[in-house]
Amino acid sequence: MDGWRSWFCGKLSSWGPPLTPDQLIALSILSPAVGALAIALIGRNNDAGYNPRDIVTVIATLITFGFVVKLAGPVVAGDRPELSLFEVLPGLAIAFKIEPLGMLFALVASGLWIPTSIYSFGYMRGHHERHQTRFFVCFAIAISAALGIAFARNLLTLFLFYELLTFSTYPLVTHAGSGKAVKAGRSYLGILIFTSVSFLLLAIVWTWQTTGTLEFRPGGIVSGHFESSRAILLLALFVFGTGKAALMPFHRWLPAAMVAPTPVSALLHAVAVVKAGVFTVLKIIVYVFGIEFLTDGNYALWLCYVAGFTLIAASLVALTKDNLKARLAYSTISQLSYIVLGAALATKTSIVGGGMHIVMHAAGKITLFFCAGAIMVASHKTEISDMKGIGRQMPFTMFAFFIASLSIIGLPPLGGAWSKWYLILGALDAQQFLMVGVLIVSSLLNIAYLLPIVVNAFFFPTTEVEIGGGIKEAPIACVASLLVTAFSCLILFLYPDFFLNLAQMIGEF
Amino acid sequence: MMEQLPALQVVLPLFSALLCLLIRNKTASRLFSVAVSWGCLAIALILLRTVQETGIISYHFGGWFPPLGIEYRIDLLNAYVLIIVAMISAVVLPFGVGHWGLSIPEGREYLFFCAFLLCISGLLGITITGDAFNVFVFLEITSLSSYALIAMGRNRRALRAAFTYLVMGTVGGTFILIGIGMMYLETGTLNMVDIANRLPLAYGSRTVLVAFAFLTVGVGIKLAVFPLHHWLPNAYSYAPATVSAFLAATATKVSYYVLVRVIFTLFGAAYIFETLRFHVLLIPLSLLAMFIGSTVAIYQTNIKRLLAYSSISQIGYMTLGLSFASINGLTGGLVHLFNHALMKGGLFLVLASVMHSIASNEIDDMRGLGRKMPFTMAAFVLGGLSLIGVPGTVGFISKWYLVVAALEKGWYPIAVLILLSSFLAVIYIWRVVEIFFFREPAAEKSIKEAPLSMLIPTWILIGGTLFFGLQTEWTAGVAGSVANFLLGGLP
Amino acid sequence: MQWLGLWHYWAVIILMMIGLYIVIARDNLVKKVMGLSIFQVSVIMFYVSTGKVEGGTAPIIPEGGHDLVYSNPLPHVLMLTAIVVGISTTALALALIVRIQEAYGTVEDDELNAIDGAAL
Amino acid sequence: MREKIILRVVSKAFIPFIFLFALYIQFHGDFGPGGGFQAGVVFAAGIILYGVIFGLDTMRLAVPERLMEYGIVLGLILYGGVGIVSLISGANFLDYDVLNAHDPTHGQHLGILLVELGVGITVTCAMTTIFYALAGRGEK
């Protein structure tokens, strides 16, 4: 370990109050939950002006992120802190153990919670949303669930928090309470519960029944117990059971969930929820199946094709969408398949690529959604064709949009470049040249569906009659947060080491 | 006094019921019955501990030693069921202390509590006794008092529901009586242990077969096994709210206990499942119950009926667990006994609070109620999640065992069906949750949150569904050792 | 002709079927209760007949008589309880019928169904 | 039926004997067929006959409804009380042997006598109450 890194890790773990790692695990999962409780108790029915719950929210985000960061130190240094709670079934406990992949996800989820909360204040006020207390409470619970997923030591714990995440985000999706929102909420809940209960749970029980354990282990637990078609079936149950990964044909919930307020789309449906899905897929492939097991039997080849198909198909659908959030949603589906593809290729490098893409896509996509929300608040526009020339009224927002688009496309000097780089390397490693092609084609498609928006915004005159009329930049809280996240895309390109380190340690339990 | 506890377990509520008639004052009889139910719970807890520490307790009445006299025989299985009954009654009886409202008929409060205590003592009696005929007697005590309780509902349909239940219940009870008679003919004894010892000698006989048929159908009616469930939806829908909670959480559970006793103790699992291949009948019926019950529940407009149909489907889970005849399956069935008692009890108590506030059970009248009564409705959501079987709730634990049992036998389609049926539960629960939380209230009426005396019992049960969803040593642990014990292994 | 030898079973079964038939087929609630009673009585007969021992007398030991054959008293004793249960059930059923009559003005099942609506 | 003079006279003559017979069944139950159940029903039959002939109001004067309700409880309490006494004396529930300190057989006698008495009272009162409950409905 080189000098600065050990210094950095030391710094990470030594700041703040002295706490043991297992306390930290508990605290980092509990603090959003406690925050939710505090918000519920303190929140007033005042949705327009100052509300003490906002301060509580910010404090909760900061504290949570603090705990997670403090945990990051030992993890990077090679420790694997763990915490065991109840034994739910004989030999099966609610237990946490932090490994690099989980750390990566936890850092992303808790870190991006901070700008999202601040953004939410601006957005929710600007958009005159009601029931804001419920909104912030559910948001905090969702983060708690995401951290639980990140830190889970076994499939049971993971499943528990996975379902908690589904149910806690449901009120956020149906937040508007309109008929449309309720209907969208139905398909959201319907697809996620259907897949998780019918497939994922079945796969989990099957694994338990056959192998007698559900612990994540380096090298996996199923090798020796499953082979040939049964292994493929199990993998299919797991992958399709993880509906949050939005693999086609179980992707419909994601566009449906776009009726939610934009911060929800931003953090949950670009970062926490969907990333929980692909994180689960990655984790299952690495720690339940084991890379060697999959490559030896070539069990994951079909998954490459499914992911590749989803990748291209979702991009094509995105091209046809005029609604900005819908386009971003399909873009998300496509980007998630990068990560699934990384997992399915099952090489060391592709897994690194998948892990990196969790981070890079999160930073990029959250910015894009923030921008979409900002446009909605400032101009009440949702359709891309109406946004011509909007770059002149909202220069900061559209500039951030541009940066983030480039990152999603994967152009240097932005973070997205790294993950694409590793994914393509991984595909080459696995000698899946078709997949290399798919990755390249999809990058082109990314350009095709993202850049026209920017071009429209900056280079076309507006079609509206009242030129320069009502439209101004969004509230300062929104603009500030989206600039921060856009800037982070740049930072991630320049200093990817920390996350790269974590990603390269995936598999070391 | 400790060795007299088995007798007191039944005698205490039985005589307290009579004292209620003497007390007559409504508040006094209520407080008295609450105290009695707590006493029963304490006794049940002590009995469970004693059984766990020292093994089977045998208590005989009136100086006649078994097998001649009536024996109360407590092993792990009945101790476990005793706890369920005593616990639910101890939570339901104090529900709404200080409020008289709609759930208890005015002017006849003391009769209500008398019938309630009688029902409790009947249920405890069925569970505790080791004498086959005694089961019948207590069964009828339970049934008679529950007919009376159901008839106390405010809607006049309650009368018809009670009458239907009475006819079905009497037929069921009489079938059980015939079955017991047949067994007596074949073995010459009424003591269950004795019967169990002697029945194997008569396995070839047709009398045994007929006895088993009568017993199963009789118990099946009481248990509301699909297609014998006709009486249940109306009985639960129109009974006074707390009575629904109590009956839903205990009556069918005790019937399930009787079924388990009949199959595993009296006849022996080997005979029933290997010679008679009973599961060939029971598994399809259970699956049908699960699917039809849930599907019908989706279309209900009255929320109590919705839960009643959901009960039918949940009973399907229990009988399914039993028909696997394996340790995991039986554990699943038995743990679901406890779990379902918790969640259904809790859910019906929620409805009792709602009834108290808006005087209606129609789902349409509950629009937007989630905002007026957040704590009550939150309890409903949690109970609903438990019905669905979301991890972290008790429903998940039961489902887990059932699926493991199905996979263990290699019956993959059944495992898939179990999971699919929980998806149906999502639909019927979420349909009403949407209405509670995402619809605007019909009119701006002044609806207040339920009083604490209602919230606390509700949340005890709902909290239990969460607590026992994570801490399963006392539920699945005990159920597991019961299953072991019943299937002939070491406890 | 062995099956005729168990003639008391035949009696029991015929009674039982009559009772069940009435319960199922009659619309009048009072008649249903009557059927139920017949049904219960058949079972009581069944028990009592099983207790009969050829040439047995009432199981009361007279002074000096030890060699007598007695009928089995246990089924009789059990039926004492069953009779009480039957009476209670009938009484409760009748009470319910009285109240149904008060509430609906009829005790015919089909009319009751019509009043309650087909939604039942 | 106030006008039916024959019924009135005959039943007046019969009722005391019905009661007497009931008492006989009750207390001879120890030694021969009979006991509380049968005695109670016969006794109640006498009371109900009185009610049928002379009308509910007269019957209520003779045997008040409230008294009958209490009677049900008292009978059962007598029954249970025997059990409780045996519990307190250190034996199992309803173990009559301990009721008489000197001779278990006497204890048995006493026990069964009291228990049957309790049953008799309860059955009488229960039957009468059922009669009241059903017959009295129409008046309200």
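Helices (H or I, at least four residues) and strands (E, at least two) are taken as DSSP runs and numbered from the N terminus. The model is a predicted one, in which local features need pLDDT of at least 70, side-chain atom pairs count only at pLDDT 80 or more, and totals for chains, interfaces and linings use all residues. Residues are numbered from 1 along each chain as its sequence is written, while chains are lettered from A and ligands numbered from 1 in the order in which they are written.

Chain D is helical in its assigned elements. From its N terminus, the order is α-α-α-α-α. That gives five helices and zero strands. Along the principal axes, the C-alpha atoms of chain D fill a box of roughly 60 × 30 × 20 Å. Chain D has 140 residues, and 39% of them count as buried. A residue is buried if 20 or more other C-beta atoms lie within 10 Å of its own, exposed if 12 or fewer, and partly exposed in between, with C-beta atoms placed from the backbone. Among the contacts in chain D with a separation of 6 or more, 63% are between residues 24 or more positions apart.

Chain D meets chain B. The interface pairs 12 residues of chain B with 14 residues of chain D. On the chain B side, two elements give two or more residues each: α1 (5-23) and β1 (57-60). Helix α1(B) gives the most, with six residues. By class, this side of chain B has eight nonpolar residues, four polar and no charged. Here Ala, Val, Leu, Ile, Met, Phe, Trp, Tyr, Cys and Pro count as nonpolar, Asp, Glu, Lys and Arg as charged, and the others, Gly among them, as polar.

Chain A has no contact with chain D; their closest C-alpha atoms lie 41 Å apart. Chain A and chain C do not touch either, and their nearest C-alpha atoms are 28 Å apart.

Backbone geometry was examined next. Most residues other than glycine have a negative phi, and most peptide bonds are trans. Two cis bonds can be described. One joins A:M248 and A:P249, with omega about 10 degrees. A:P249 sits in the loop between α8 (228-241) and α9 (253-256) of chain A. Another joins B:F226 and B:P227, with omega about -15 degrees. The loop between α8 (206-223) and α9 (232-238) of chain B holds B:P227.

Positive phi values occur in chain B. B:R277, not a glycine, has phi near 55 degrees. This arginine lies in the loop between α11 (269-275) and α12 (279-298). B:R277 is exposed, because 10 other C-beta atoms lie within 10 Å. B:A325 also has a positive phi, about 50 degrees. Its loop runs between α13 (303-323) and α14 (327-358) of chain B. B:A325 is buried, because 23 other C-beta atoms lie within 10 Å.

The nonpolar core was then considered. Such a core is a set of buried Ala, Val, Leu, Ile, Met, Phe, Trp, Tyr and Cys residues joined through C-beta atoms within 7 Å. The largest has 479 residues, of which A:A109, A:V340 and B:I150 touch the most other members. Helix α10 (residues 262-289) of chain A supplies the largest share of this core, 20 residues. Leaving aside residues up to four places away in sequence, A:A109 touches A:I143, A:A146, A:L147, A:A150, A:V271 and A:A272.

Definitions and conventions
Contact = placed C-beta atoms within 7 Å.
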